[in-house]
Amino acid sequence: MKPFRRVTGAVAPLDRVDVDTDQIIAKQFLKRIERTGYGEFLFHDWRFLEDGTPNTDFVLNREPYASAPILLAGRNFGCGSSREHAAWALSDFGIRAVIAPSFADIFQSNCYQNGMLPVILAEEMVADLMRRAIARPGYELTVDLEATVIRSHEGDTVAFEIDGFRRRCLLDGIDDIGLALKHLPAIRNYEETRRPAA
């Protein structure tokens, strides 16, 4: 997993609440067995019109948002089904951090497992950032996991909270499999010395 320390870049304002995983990555695109290749299908029903042409009204189809590494969204982001493909699609598109007032629990966990940082801020703070990002296309932030702060280019700094264990795993680029592999000698020793079942 790619370590996450900090990311600086344009903020894509997705001013919607209750964005579910079916909208993030629709079920018809869940046929791949790899974690890559989902970015082109991210928000498919919003990014494309019925004839397959890009919807120029959708934020991620406009510059400078098409390559924005930070997504700003409303409350309850990632609700719906538990598909990990939603985190894969965001990551494959280039999103490194999502800022919202709240996240669905399973989606939030899937972000951590895939090197993406879900940042929870107060609803009024998200609303303020949303206004700035909409008013000034190309508005940039720095999301700094090492310092657990978000910095604007105006000099504003906002602290955010994150579980210490999750923070360490993101900084080190370690998912659950990586954690298990760190203990491989102890696991092998246990397997070799445990009593066989009677």
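**Figure 1. F77 and F103, two buried rings of a predicted model.** F77 is buried, and F103 is buried as well, where buried stands for a relative accessible area under 20%, exposed for over 50% and partly exposed for anything in between, with a 1.4 Å probe and protein chains only. This is a predicted model, in which local features need pLDDT of at least 70 and side-chain atom pairs count only at pLDDT 80 or more, while totals for chains, interfaces and linings use all residues. Residues are numbered from 1 along each chain as its sequence is written, and side-chain values use heavy atoms, with hydrogens and water left out.

**Figure 2. Aromatic pairs around F103.** The whole structure holds eight aromatic pairs; rings of Phe, Tyr and Trp (its six-membered ring) pair if their centres lie within 6.5 Å, and planes under 30 degrees apart count as stacked, over 60 as edge-to-face and the rest as tilted. Because their planes stand at 85°, with the ring centres 6.3 Å apart, F77 and F103 form an edge-to-face pair. This pair links distant parts of the chain, with F77 in the loop between strand 2 and helix 3 (85–93) and F103, 26 residues apart from it, in the loop between strand 3 and helix 4 (105–113); helices (H or I, at least four residues) and strands (E, at least two) are DSSP runs, numbered from the N terminus. F103 and F107 form a stacked pair, 6.2 Å centre to centre with 20° between the planes. The relative accessible area of F103 is 7%, and that of F107, which is also buried, is 3%.

**Figure 3. The cluster of F43, W46 and F58.** Ring pairs join F43, W46 and F58 into a cluster.

Figure 4. The strands follow the order 4-3-2-1-5-6-7, with mixed pairing, and two strands pair if DSSP finds at least two bridges between them. Strand 4 (117–120) and strand 7 (157–159) stand at the edges with a single partner strand each, so one side of each is left without a neighbour in the sheet. Strand 2 (residues 70–73) pairs with strand 3 (residues 97–100) in the parallel sense over three bridges, and A97 in strand 3 is the bridge partner of I70.

**Figure 5. The lining of the largest pocket.** Among the residues that line the largest pocket are P13, D15, F58 and I134. The lining divides into six nonpolar, one polar and four charged residues, where Ala, Val, Leu, Ile, Met, Phe, Trp, Tyr, Cys and Pro count as nonpolar, Asp, Glu, Lys and Arg as charged, and the others, Gly among them, as polar. A pocket is, on a 1 Å grid over the protein atoms alone, an open set of points where a 1.4 Å probe fits, with protein on both sides within 12 Å along at least five of seven lines, and lining residues have an atom within 4 Å of a point.
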